[in-house]
Amino acid sequence: AHAVLAAALLAVTACVRVPTQLYEASRQDFSEASIEVLLILFGSGMLLFLVLVLAVAWLPRRVRVLASATLVGFAVYTWVRASFFPGPSVNLDGRRLTEDLSTGAAGLIVPLAAALLLALLGRPQPRIVTTLLAVLLGGSLVQSVVAAASAWHASPRSSNAAAAALLEWSREGNVLIVVLDMLQADIFGDVLEAEPHLREDLDGFRLYRGAVANSPSTCLSLPTIHSGRRYDPTRSVQEFYGESVREGSVLNRFAESGYAVSYAMGLGPCPSAVSACLTTPVLGRSRRAVAAGEALHLIDLGLYRVLPDRLREPLLRDSRGGIVALVDKAFAVDRARSELLALERLATSSIVTDSPPTVKMVHTLITHLPTSLRPDCSAGARRSDRLGAIAQARCALRPIVTLFEHLKAEGIYDSTDILLIADHGYGFESTAVLGTRDRRFRRMVGALNPTVLVKPAGARGALATSDAPVELADLPRALCG
């Protein structure tokens with residue numbers, strides 16, 4: 001009985017309770033708030049439980065007693081560690097996975113002491129141990145179910161039909177809006193210096209060097225791109241975000257006017273009138289593959305939170321968890337690579353039909369910090385410096401240029417309006433600022449100076465530049481004008 005209860009407690013804590021609670025509390029950091037993730041988590045817990053129980057049952061009887069006590073110790077250690085000594089909350093963008101997470105001596109001694117106590121009590125006081133294990137298991141199951149029920153209410157946002165709609169272009173005309181999250185204007189200038197051929201590849205585009213964002217953060221800038229509204233500090237950010245995107249998005253106006261509208265989201269909700277919405281990772285893969293990757297990453301994070309401090313860094317070195325790496329489904333670990341796959345699919349799988357005019361918006365986090373792509377665009381170590389941002393921006397622009405060449409080959413490039421923009425900058429010191437060495441001011445300018453490139457239908461010629469004042473709030477009005 002002790003072995004069965006301990007196996008259940010260990011499996012539920014490591015594979016179900018902790019991952020489910022992380023998922024429920026951090027849904028905004030995952031692309032798929034879907035039932036598939038929860039099913040995989042609960043299924044993995046059941047699989048671990050069966051493996052542990054069968055492994056103990058097949059042992060010789062004399063060894064079985066010792067194995068049962070050992071299993072009780074591991075289960076209690078895991079429960080105490082996860083419940084009272086998880087360390088600071090794990091940041092899923094990779095910047096705090098391996099630093100400042102020490103739980104001190106108590107984080108190791110207390111769980112080990114509790115584990116040793118119950119392991120030794122197993123024979124002299126079996127009823128006490130059985131009762132304690134049952135209580136801990138019941139509490140863990142209740143916590144898991146509550147967290148899962150909360151996550152269940154987040155409706156799935158992606159479908160294969162939405163991906164097909166995004167890949168379908170019209171001979172009657174198209175509008176494409178690509179939001180390269182965080183791509184600072186002077187970083188784009190560095191990319192042009194590194195790849196001068198882009199001036200010809202960006203055929204018909206004009207770069208607005210003095211473009212201004214209304215905020216240095218996505219949660220305030222992206223709603224402005226959608227709606228043209230500026231944030232009112234007297235209102236909550238959540239309310240502003242929801243109303244501006246769900247109800248105020250310019251995509252709603254296009255959909256209500258008969259355009260075939262589709263939206264690939266890096267994050268946030270879908271506009272209310274847009275039926276073809278999906279997350280960018282699902283565009284590059286499939287919803288099930290993404291959900292599997294996210295679930296496995298959550299299990300890695302669950303293990304991360306219960307391991308002793310010294311074992312944590314090897315488990316998630318370069319933010320790649322052992323289970324995720326083992327099965328090569330590194331979605332959440334390597335978001336940039338997943339986003340790159342989405343852009344590559346858009347570039348290579350788009351088709352032209354006689355459908356009504358289309359409007360497509362793609363908000364990709366491929367250019368968001370931290371970066372993780374090497375110069376050859378393969379997955380590498382996480383970094384948050386200027387050179388890493390330049391390298392990853394170059395990777396992002398390659399499939400975008402390939403898409404433009406595909407549109408030209410299909411004869412619809414000239415009938416397509418294209419906006420290639422960022423929502424804000426990285427906050428690196430801007431090289432565009434002259435006359436001051438104030439580093440804080442230069443960083444502020446960088447954060448509020450997004451890349452803005454515009455190609456009206458019919459425009460051709462090498463990349464042009466303009467110093468005309470442009471604000472992100474102007475874009476919806478310009479699209480509808």
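**Salt bridges, helices and a sheet**

Author: Let's start with Glu 405 and Lys 408, whose side chains meet in a salt bridge, 3.6 Å from N to O. A salt bridge here is a side-chain nitrogen of Lys or Arg within 4 Å of a carboxyl oxygen of Asp or Glu. One caution: this is a predicted model, where local features need pLDDT of at least 70 and side-chain atom pairs count only at pLDDT 80 or more, while totals for chains, interfaces and linings use all residues. Residues are numbered from 1 along each chain as its sequence is written, and side-chain values use heavy atoms, with hydrogens and water left out.

Reader: ok, where do Glu 405 and Lys 408 lie?
Author: Both lie in helix α17, three residues apart, about one turn of the helix. Helices (H or I, at least four residues) and strands (E, at least two) are DSSP runs, numbered from the N terminus.

Reader: why does three apart matter?
Author: An α-helix has 3.6 residues a turn, so residues three or four places apart point the same way.

Reader: which residues are linked with them in a network?
Author: Asp 203, Asp 414 and Arg 460 join Glu 405 and Lys 408 in a network of salt bridges.

Reader: how many salt bridges are in the whole structure?
Author: A search finds 17. One of them pairs Arg 386 with Asp 186, with the closest N and O atoms 2.6 Å apart. That pair links distant parts of the chain: Arg 386 is in helix α17 (residues 386–409) and Asp 186 in helix α7 (residues 185–194), 200 residues apart. Asp 186 is buried, with a relative accessible area of 8%, whereas Arg 386 is partly exposed at 22%.

Reader: what about Glu 195 and Arg 394?
Author: Their side chains also meet in a salt bridge, 2.7 Å from N to O. Glu 195 sits in the loop between α7 and α8 (198–201) and Arg 394 in helix α17, so the pair ties together parts 199 residues apart in sequence. Glu 195 is buried at 9% relative accessible area, while Arg 394 is partly exposed at 26%.

Reader: α17 again! how does α16 pack against α17?
Author: Helix α16 (residues 335–349) and α17 pack at an angle of about 15°, with their axes 8 Å apart. Axes are lines fitted to C-alpha atoms, for helices over the stretch in contact, and angles run from 0 to 180 degrees between N-to-C directions.

Reader: which residues meet there?
Author: On the α16 side they include Leu 340, Leu 343 and Ala 347, and on the α17 side Cys 395, Pro 399 and Leu 403 are among them. Contact means heavy atoms within 4.5 Å.

Reader: new topic, what's the order of strands in the sheet of eight?
Author: The open sheet runs β5-β4-β7-β2-β10-β11-β3-β12, with mixed pairing. Its edge strands are β5 (276–279) and β12 (464–466), each pairing on one side only. Two strands pair if DSSP finds at least two bridges between them.

Reader: and how many bridges join β3 to β12?
Author: Three, and β3 (residues 206–208) runs parallel to β12. In β12, Ser 466 is the bridge partner of Tyr 208.

Reader: which helix packs on the sheet, touching β2 and β4?
Author: Helix α9 (residues 218–227), which also touches β7 and β10, and its direction makes about 170° with that of β7. Nine of the ten residues of α9 are buried, so α9 is largely enclosed by the rest of the structure. After α9 comes Gly 228, whose phi is positive, near 80°.

Reader: last one, how many helices and strands are there in the protein?
Author: There are 19 helices and twelve strands, and buried residues make up 53% of the 481 residues.

How values were computed:
Buried means under 20% relative accessible area, exposed over 50%, partly exposed in between (1.4 Å probe, protein chains only).
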